[in-house]
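Please keep the sequence and the structure in view while reading.

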Amino acid sequence: MNLLGQRPDVGEFRKRYKWLALAVVALNLVLVGKLAHLQLIKAAENAAIAHDNIVHKVTLATSRGVIRDRHGVVLAASRESWNVYVVPARLDLDKTYPRLAELLGLGPVERATLEQRLREARAKDLAALKLDPKHRIREIIVREDISRDTVGALETHRAELSAVSWISVPLRYYPQKELTFHLLGYVNEVNKEDLDALPEGQKKELQPGDRVGRSGVEKAWEAFLRGQRGWKKVVMDARGNRRTAKEDQALIDAPAENPPVPGRDLRLSIDADLVSTARKAFAGQLAGAVVAIEVKTGRVLAVYSKPGIDPNDFVTGLSQKQAEAILTNPLSPLTDKTLYEAYFPGSTMKPFHALAALGAGAVTRDSHELCEHVLQVSRTRFKCEGFHGQISMHDAIVRSCNVYFYQLGKKTTLDKMSAMDAEFGFGQRSGVGFNHESPGLIPTTAWYMQHYGGFRTGFALNAAIGQGNTKVTVLQLAMAYAALANGGTLYAPQVVQAIETPFTDAGGGGIEQDFPPRIRRKIGVDPGQLKFVKEAMAGVVNEEGGTAYRERTTKVMVAGKTGTAQVSRVGQKPGIDPHLIWYFNRDHAWFAGFAPYDDPEIAIAVLVEHGGGGGHNAAPIAMRMFDEWFTRIKPAHEGAATAPDGKPLPSASKGPAK
Amino acid sequence: MNRPSALGRVARAREGIDWALLIGVLIIAVIGVINLYSATSVAKAGRADLYVTQIYWLVAGGIAATLAAAIDYRHFERLAYVIYGGGIVLLLLVFILGRDIHGASRWIDIGGKERGFRFQPSEFMKLILAISLAKYLHDDPKIPAGPGGGGRRLGDYVVPAVLVGIPFALVAKQPDLGTALILMGIFVAVMALTRIRWQSLTLLVVGVTATSLVAWNYLLHDYQKRRITSFINPELDIRGANWHSHHARVAIGNGGVFGQGYMHGTQNHYLFIPEQHTDFPFPVFAEDWGFTGGLVLIAAYTFVVLWGIGIAARARDRFGAALAVGVTAMIFWHAFFNIGMVTGVLPVVGVTLPLFSYGGSSVTTVLVGIGLLMNVSMRRNTFG
């Protein structure tokens, strides 16, 4: 009897229900088991993945240190710029990209190339994600330094720009433009080689998009200027949009931030005003270099190399056209002519050789030589610029008589002269520490034996007047003249006077480390002989007949020496109009000197490449600098004790007392 | 047999609404709406109030279910093949009027695309299949004699196989692998009620294996194959087919024991769960409520399914029993495939979670199915 009143034919099914029920329970237990696996056993792991999905570390840029001159004038700083980034793996190339391209005002070619780049990056990231779900997808920069208007347009259309972000980054800025090009160098973006070259353990210090110093002070002091990047955790959804509401922030675990360490500021010994004066004085010349040294400390007051380039062009990257123009310029704008290149010094070497001769007792102060314009030594004729007749050492320096110095060289010998040159720092790197300083060359007998297979007296004669194989840098010459001026103390040139902590809201703005003058050596010269030579150098400028007499300044008493250095003749130079080749065959013009004569403060060396005669072409530049230094620039800062920084710069107001 | 016994009278006194079924279904529906609110809270305007629409659908589905329960199921039995024919016609219409979504045409629009209403005939086909299979078993001339009296041969399954085969082929062609699988699941469950010879069963197993191989090589779409391979080797394709299920699993795991709290699941909140209102509502729920919540939900489904089997066991006739099993199988397979797919037990096939997934066709179908169950339950003691 069927209690439920079922029809008998349902009997076929009866035995099946319990199996069906059992199957249902069994299958659902599988689900429960899997649920337990995910939520109980693997809970922590999954929670960690979920957390990593949304909490991302973004790097916080650090600010590169500001470089100022000795009075606080900003030479290199950072300004705000906006860059546009895209997460290619999350970008909608069909909808978002055209909108972005339109807002950025991309041309059709640019638009296509960028789209291609984004497509490739996207494919790469998606492929990497397939292999590794934890792969960090990349954000790439699509546009740098966009205008304020563009930033505004992007802000307005923020809702349509999923996976696009625009971030303010500091960009290096050189307000003095090409004036400080060789001294400061420039920064630009790191490349793969830079990143690969980083030692293990410091790999995180640089990232693609970072900029590093490439030359000059920017490169030499990179470690201090750069600072250390920090990071901050942010919440981002699956579409790559940042979430910033309070409840989003609550998901961020500690530590939430590692603040960046700002780069250190540098206080240079340079006086921007003096450099600027050098540029003005150089207006009539095509190429050359100036170095001005503080005589009593060896600090560098001015370096200027012409022609220069606006370093700001390098920061965002040169165009192909700009790069070509720079590389093919026959005046070599990239070369730092103050120290990278060494030149024949010509007669500017005569004071050192006079000291060598006097010190060796080869000549006396009163000994005379006969100048008949030409000196015949065996079959070679050695020439003088003039016909001086019987001439003393004093007059030989004042009028730059070569014949006197040929005889002096013969009597003193090459090695005694080169020993004195070496005492004054020639033939060695001065240790300024940037731009691959050239050591120059001071040949000795041994050197000639090695390179010429023998020694002839003529080598000594040529060396005596700074020709032959002698080569010096403008910086070496300035340092040596400073040593002459200060009575025989050779300093190491210093460009950076102090490292300062950046002035921020949290404080700072003080000196972290300053650099006292560094003496390289005390040169063993007899004070009387030195005084005698310096008197002659004063005569060069102040005695009628002196080679720089006509260019002298009346504002301050200058002592110095002109030089006219022959150059290696060239018949042709690649890339140069043959009609202009005469320029490159013209002599280099030199003037080196110091002032005031009685108590020297500043030494200046000027080289005018292919300038012709030193007296006419190089001396006026130095004179104008001396002139302005003593009448205008130095007096402007006389009140330094009460107002350390003459310039009304907010960041400099807390600068150290000079 | 013709006179009601004393016990029969007691049973008739309890007759009427199957409260256990109703309450079980109501619990799932209420949790479903609450969860839908959480799931769509993160979506942009226009989707955020989907839960309201879902309530409308539940009400509409409830009315349809009441009708389905009120009409004596013997009318469905009588009209079964007519209904079946209508269902097939609608499926064919999809190919003509069908509307493309994600590369598959599953929908028919009624009254314009903007303000009109659209539905998926394949959803209703599941119920229609259950009705027709029940009808076939009901009218089956070959009811085996009493216990131990032999079993069915494979030849006896040709008609039901054709009944499922036609809609299966049409739905798979759309292509809608999920619904096709559900149709097959309903067929298997209903046929499991019958007694089959063991020799025939062996032959069947061999045959199915061989067919699968052929299907793999010639019939399946690439994206369907990809889903299956990526299920077997999940590391192969995280971003593509596996991206969904990867983040769904993370969401579930992120729930832990007690969940992140209602509307606080981060995977959902930060948009890592795609299709969170249709195919992936369970990860949202499991992330919000944790293992505890998941257990309660699975228990609720299990209860309704077991109760459905109970209704079949007590059904008055073969049609009622088979229909109840068919409808119950539909609900069970939906829940099992959906939760299985999001937890990673099964490959990703687009199958909705009954009363949790948003969608008019889905909700109405499930509720009408429940109505049919109620119908069978209410009429187990009706005579005639």
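Across which strands of chain A does helix H22 lie, and at about what angle does it run to E22(A)? Helix H22, residues 527-542 of chain A, lies across E22 and strand E23 (588-595), and its direction makes about 70° with that of E22(A). The model discussed here is predicted.

**The five-stranded sheet of chain A**

- Five strands of chain A form an open sheet in the order E13-E12-E24-E23-E22, and their pairing is antiparallel.
- Strand E13 (300-306) and strand E22 (559-565) of chain A have a single partner strand each, so they stand at the edges and one side of each lacks a neighbour in the sheet.
- On average, and with direction ignored, neighbouring strands of this sheet are turned by 5° against each other.
- Helix H12 of chain A, residues 272-281, packs on the sheet and touches E12, E13 and E24 of chain A. The direction of helix H12 makes about 35° with that of E13(A).
- Within the sheet, seven bridges link strand E12 (residues 288-294) and strand E24 (residues 602-608) of chain A in the antiparallel sense.
- One residue pair illustrates this link: A:Val290 has A:Val606 in E24(A) as its bridge partner.

**Strand E3 and its partners in chain A**

- Strand E3 of chain A, residues 74-86, is mostly covered, with 10 of its 13 residues buried.
- Strand E2 (residues 67-68) of chain A runs antiparallel to E3(A) and is joined to it by two bridges. Here A:Ile67 has A:Ala76 in E3(A) as its bridge partner.
- The hairpin of E2(A) and E3(A) has five residues between the strands, and A:Gly72 in this hairpin takes a positive phi near 95°.
- E3(A) is also joined to E5(A) by 10 bridges, and these two strands run antiparallel. In this pairing A:Val84 stands opposite A:Trp166 in E5(A).
- Four bridges connect E3(A) with strand E4 (residues 140-146) of chain A, again in the antiparallel sense. The bridge partner of A:Tyr85 in E4(A) is A:Ile141.

**Backbone details in chain A**

- The peptide bond between A:Lys306 and A:Pro307 is cis, with an omega of about -5°. A:Pro307 belongs to the loop between E13 and helix H13 (312-315) of chain A.
- A cis peptide bond also leads from A:Ala595 to A:Pro596, where omega is near -10°. A:Pro596 lies in the loop between E23 and E24 of chain A.
- A:Ala163 is not a glycine, yet it has a positive phi of about 70°. A:Ala163 sits in the loop between helix H6 (148-156) and strand E5 (164-173) of chain A.
- Is A:Ala163 buried or exposed? A:Ala163 counts as buried because its relative accessibility is 4%, and the cut-off for buried is under 20%.
- A:His436, likewise not a glycine, has a positive phi of about 50°. A:His436 is located in the loop between helix H18 (414-423) and helix H19 (445-452) of chain A.
- A:His436 is exposed because its relative accessible area is 60%, and exposed means over 50%.

**Chain B and its helix pair**

- Chain B contains 14 helices and three strands. Of its 384 residues, 53% are buried.
- Among the contacts in chain B between residues at least 6 apart in sequence, 75% join residues at least 24 apart.
- The axes of helix H2 (residues 19-40) and helix H14 (residues 360-378) of chain B come within 10 Å and cross at roughly 165°.
- Angles over 145 degrees count as roughly antiparallel, and H2(B) and H14(B) are therefore roughly antiparallel to each other. The crossing of H2(B) past H14(B) is right-handed.
- H2(B) contributes B:Leu21, B:Leu22 and B:Val25 to the contact, while H14(B) contributes B:Leu367, B:Ile370, B:Leu373 and B:Met374. This contact has seven nonpolar, no polar and no charged residues.
- B:Asn35 is also placed in helix H2 of chain B, and it counts as buried at 1% relative accessibility.
- With neighbours within four places in sequence left aside, B:Asn35 is in contact with B:Pro281, B:Val284, B:Phe285 and B:Phe356.

Technical notes:
Residues numbered from 1 in each chain as written. Chains lettered and ligands numbered in written order. Predicted model: local features only at pLDDT ≥ 70, side-chain atom pairs only at ≥ 80, totals over all residues. Heavy atoms only, no water. Pairing = 2+ DSSP bridges. Axes fitted to C-alpha atoms, helices over the stretch in contact; angles between N-to-C directions. Contact = heavy atoms within 4.5 Å. Parallel < 35°, antiparallel > 145°, perpendicular 65-115°, else oblique. Left-handed = near helix turned anticlockwise from the far one by under 90°. Nonpolar A, V, L, I, M, F, W, Y, C, P; charged D, E, K, R; others polar. Buried < 20%, exposed > 50% of the residue type's maximum accessible area, 1.4 Å probe, protein only.
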